[in-house]
Amino acid sequence: MAPLAPGASAPPIPGVTFSEPTAVAFYKVTCPVCQMAAPKIQTFDDAYPGHLVAVGEDPEPKLAAFATQYHMPASAISEPPPYDISEAYGVRTVPTMFLVDAAGTIVDTVEGWDRDGYNRVSAGLAEMTGATYAPVSEAGDGLPAFRPG
């Protein structure tokens, strides 16, 4: 199964309404790529407050500890096994990020750590919200351009 592609409807996430553009980030606390990307995912919450939904495939206490250690949004949604939300989105690796527009349509999908992909989602979110674009990662920041999840 592949992740949902642009043009697909975003499946529901409990407690989330897609009435505004939203970046949806799936992660797992034991994933080394998620640990590396966590501070960059936080950039979305800092630059576009209220426009990031983080879904962690772990219990809430583990998500809270991860948030503190890796500077990830503390307001993550805990998804227990069998990971129905991740399954609905076609998540096959973490991290995976989706950009969802205000109509609930997926506009972009990024698997793993992908500097260009994260910057593209940030640019899309800036355009859709009218906010100033915030680059997520740039060459020379110590992160690779790409790392699979």
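This report walks through the fold of one predicted protein chain, from its overall build to a few single residues.

## How to read the model

Because the model is predicted, local features need pLDDT of at least 70 and side-chain atom pairs count only at pLDDT 80 or more, while totals for chains, interfaces and linings use all residues. Residues are numbered from 1 along each chain as its sequence is written, and side-chain values use heavy atoms, with hydrogens and water left out.

## The overall build

Let's start with the whole chain. It holds 4 helices and 7 strands, and along the sequence they follow the pattern β-α-β-α-β-α-β-β-β-α-β. Here helices (H or I, at least four residues) and strands (E, at least two) are DSSP runs, numbered from the N terminus. The radius of gyration is 14 Å, close to the 15 Å that the globule rule gives for 149 residues, so the chain is as compact as a globular protein of that length. That radius is taken over C-alpha atoms, and the rule is 2.2 Å times the number of residues to the power 0.38.

Of the 149 residues, 51% are buried. Buried means under 20% relative accessible area, exposed means over 50%, and partly exposed lies in between (1.4 Å probe, protein chains only). Now look at the contacts, which are heavy atoms within 4.5 Å. Among contacts with a separation of 6 or more, 70% are between residues 24 or more positions apart.

Two strands pair if DSSP finds at least two bridges between them.

With strand S4 (residues 96-100), S1 pairs in the antiparallel sense, over 5 bridges, and Ala23 stands opposite Leu99 in S4. Further along the sheet, strand S2 (residues 52-56) pairs with S3 in the parallel sense over 2 bridges, and Val55 has Ile77 of S3 as its bridge partner.

## Two faces of one strand

In a regular strand the side chains alternate between the two faces of the sheet. You can follow this in S1: Thr22, Val24 and Phe26 point one way, while Ala23, Ala25 and Tyr27 point the other way. Is S1 mostly covered or mostly open? It is mostly covered, with 6 of its 6 residues buried.

Asn119 is buried, with a relative accessible area of 13%. Leaving aside residues up to four places away in sequence, Asn119 touches Tyr133, Pro135, Val136 and Ser137.

Next come some backbone details in the loops. The peptide bond from Pro81 to Pro82 is cis, with omega near 15°, and Pro82 sits in the loop between S3 and helix H3 (84-89). Another cis bond runs from Val94 to Pro95, with omega near -5°; Pro95 lies in the loop between H3 and S4. His71, in the loop between helix H2 (60-70) and S3, has a positive phi near 60° although it is not a glycine. His71 is exposed, with a relative accessible area of 52%. Tyr83 also has a positive phi, of about 60°, but Tyr83 is partly exposed, with a relative accessible area of 24%.
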